[in-house]
Every structure is written in C-alpha cells, then in structure tokens.
Amino acid sequence: MIAYTKLKEIFREASLSSDIAGILHWDMSTMMPPNSRNQRADQLAYLSKLSHDKISSNEVRDLILKAKDENLNQNDLHNLREIEREHKLTSSVPSELVQKISRTAAKCEGEWQEARKNSNFNLIKKSLDELINLTKEEAGILGKEFNLSPYEALVNKFEPGLNTQLIANVFDDLQQ
C-alpha cells in the first residue's frame, strides 16, 4: 500500500492548505481591516494554487494507477475512487484559472460586505460579473471533460452523482 499511503499524505497536505485558507477567509470576514483585502486575496490565491498543483500533479496520476494494483480494503477502494475523481476534477482546470477564481472571490466578498453595509450594490457589480464569468469558464471546462452541461458539471463538482433532474424533482415535490 505504498502508493495509496503516499496519496493519502498528499491529500492530507492539500486538506491542510484548505483548512488554512478557511481560517484566512474567516479572519478576512470578521476581523481583518478592509485595506488588507488585496493582500489576503493574493494569499488565498497562492494557497489555492499550491493545493491545486499538488492534487493535479502527474505524481498523483501515477500513484493512482499504482494504488489500483495494491491490495486495498473496501473503505480504501472507495477513498481511492474519490481521490481519482478529485484528481480528474482538479487537473481539468488550469492553475491560473483556479488562482483567478480564488482571488476574485475574496475581493468580491469584501466588496459585498461594503455594498451591504452601504446598501449600494453597484459596488460589487464588476467583481461579481468577473466571478460569474470565471465560474462559467470553469464550468465549460469541466462540462467538456466530464461530457456534461456546464451547470451539471458544477453540480457534480460539489455533489457527486447529483444532477439537475434530481434537483428539479426536489423542487417539484416542495412546490406541491
């Protein structure tokens, strides 16, 4: 289980980056002075790139192939399938786009706080438009990679196996 153990360590490190980014987001939303937002956006983008590059690497691809030949129990096999799915999702999207999305989302969040405080939502329009366009770009890439519509690809990114028909069924039930 050498390859599988190495994969778990790589994903543990990527998870640590995500945890650190979460703390930075929390600080940005609650305590950080507003004039520090651009620096924080750059920090978050950098962490996103580190995590993205680690998970999308050829090393991870090769380790996945080797781990498939290892004697894994059912839990480890399920985990390996999720690792492979995450690798495919991540490696489909260019690192530069991941950084742009992260940086823009952080800036947009700060502008949203300011817009809400001042009841002036024009303050967020430019950043929100940019974030929507970047998300559409990501959705288009994932849609082509997974042979899904762009929206289905985004849904599947966050809820594997879910699709728009299942979502429509939930809302149809709620409507009744």
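## Pockets and a buried serine: worked exercises

About 290 Å³ of space lies in the second largest pocket. The model is predicted.

**Exercise 1.** Find which elements give two or more residues to the lining of the second largest pocket, and which gives the most.

*Solution.* 
- Start with the residues. Those lining this pocket include Met28, Arg37, Lys107, Glu111, Glu114 and Lys117.
- Next, the elements. α1, α2 and α5 each give two or more residues to this lining.
- α5 gives the most, with 6 residues.
- Last, sort by class. The lining has 3 nonpolar, 4 polar and 5 charged residues.

**Exercise 2.** Describe the lining of the largest pocket by position, element and class.

*Solution.* 
- Take the volume: about 820 Å³.
- Count the lining: 27 residues. Ser48, Ser51, Glu86, Val98 and Lys157 lie nearest the centre.
- Assign elements. α1 (2-30), α2, α4 (74-92), α5 (95-118), α6 (122-146) and α7 (150-158) each supply at least two residues.
- Pick out the largest share. α1 provides it, with 8 residues.
- Sort by class: 13 nonpolar, 10 polar and 4 charged residues.

**Exercise 3.** Is Ser56 buried or exposed? Locate Ser56 and list what it touches.

*Solution.* 
- Locate Ser56. It sits in the loop between α2 (37-55) and α3 (58-67).
- Apply the cut-off. Buried means under 20% relative accessible area. Ser56 has 17% relative accessibility, so it counts as buried.
- Check the side chain. A polar atom of the Ser56 side chain lies 2.7 Å from the backbone oxygen of His52.
- List the contacts. Leaving out residues up to four places away in sequence, Ser56 touches His87, Thr90 and Ser91.

Conventions. Residues numbered from 1 in each chain as written. Predicted model: local features only at pLDDT ≥ 70, side-chain atom pairs only at ≥ 80, totals over all residues. Heavy atoms only, no water. Helix = DSSP H or I, 4+ residues; strand = E, 2+ residues; numbered from the N terminus. Buried < 20%, exposed > 50% of the residue type's maximum accessible area, 1.4 Å probe, protein only. Polar contact = N/O pair within 3.5 Å; in protein donor to acceptor, adjacent residues only side chain to side chain. Contact = heavy atoms within 4.5 Å. 1 Å grid on protein atoms, 1.4 Å probe; cavity = no way out; pocket = protein on both sides within 12 Å on 5 of 7 lines; lining within 4 Å. Points joined across faces, edges and corners; volume = space filled by probe spheres on them. Nonpolar A, V, L, I, M, F, W, Y, C, P; charged D, E, K, R; others polar.
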